[in-house]
Amino acid sequence: MKMTVKRRLSRVFSLAAPGLLLPVLLAGCATAPPRTDTLDYQAYQQQNDPLEPTNRVFYAVNDKIDTYAFKPLAQGYVDITTQPIRTHVGDFITNIGEPARWANFMLEGKPTDAGTAFVRFLLNSTIGIGGIFDPAAALGYPETDTDFGMTLAIWGVPAGPYLYLPVFGPSGARDIWNLPVEYFATPMEIAPASGALTDFGYAQTGLHLINTRAAFIGPIDQVKATALDPYATFRSLYRQSRDSELQLIDERDTPVPNPWAHR
């Protein structure tokens, strides 16, 4: 049992360590412009990307890996599958993440969304045949999304500087904690350890990466083809996406006023 835990910890930190070590790479820090250059200094502060030189190196490395490995695999995957099959794969992967979403919604004080995540996992794991189908959505329980980074944001933890992680891509000092937390919150890690379960976990992770990359072939190609600075565009899109997700959580699960309060 101790060896199993040790292997799991080793696997998690082998994935997360490159990003966790980024703040140490001070030699790759961008130099802030003098405060007297008001516009440049404000732009530097707004970007909040003090590790930009190092981040750009990792972006360039990831771009090469994507160009020669992930994108061809994703295109081949699209060629041999249909959109309904990829949708079912996405539903299956989403269902695996429902326990983590339930826990995060509870920590965020969002009981309605937590209830939705719980019901979705219950219905889709049974009637939906392990999540391959999504009957919960048809019954009025649509997919809701959150993660530990959103939980920290709701607790008031600032986003922190932008980080571009090897393999994983855009992130931030706050969002980087999704890696170990979301990993340990999956049903495969909660269940008793076994060789078959470990192999399933690796297969699920690989399928998740390919299925997700296939969904973004068009948008990523468009950014690379049209943006003057793809790195800066991806940075902006990532931050906009995270801000939008946080806003949706707050709007979707707003406490309903007590109708008897003013009587």
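**Note on the predicted model**

1. V167 is exposed, with a relative accessible area of 53%. Here buried means under 20% relative accessible area, exposed over 50%, and partly exposed in between (1.4 Å probe, protein chains only). V167 sits in the loop between β1 (162-165) and β2 (169-172). Its phi is near 75 degrees, a positive value in a residue other than glycine.

2. The model is predicted: local features need pLDDT of at least 70, side-chain atom pairs count only at pLDDT 80 or more, and totals for chains, interfaces and linings use all residues. Residues are numbered from 1 along each chain as its sequence is written, and side-chain values use heavy atoms, with hydrogens and water left out.

3. I129 also has a positive phi, near 55 degrees. Most residues other than glycine have a negative phi. I129 lies in the loop between α6 and α7 (135-138). It counts as exposed because its relative accessibility is 52%.

4. W102, M106, F118 and L122 form a nonpolar surface patch with about 430 Å² of accessible area together. Both α5 (98-108) and α6 (111-126) give two or more residues to this patch. Areas come from the Shrake-Rupley method with a 1.4 Å probe.

5. L122 belongs to helix α6. At 48% relative accessibility, L122 is partly exposed.

6. Helices (H or I, at least four residues) and strands (E, at least two) are DSSP runs, numbered from the N terminus. In α11, the buried residues include G201, Q204 and I210.

Conventions. Patch = residues over 30% accessible without salt bridge, like charges linked within 9 Å, V, L, I, M, F, W, Y side chains within 5 Å. Salt bridge = Lys/Arg side-chain N within 4 Å of Asp/Glu carboxyl O.
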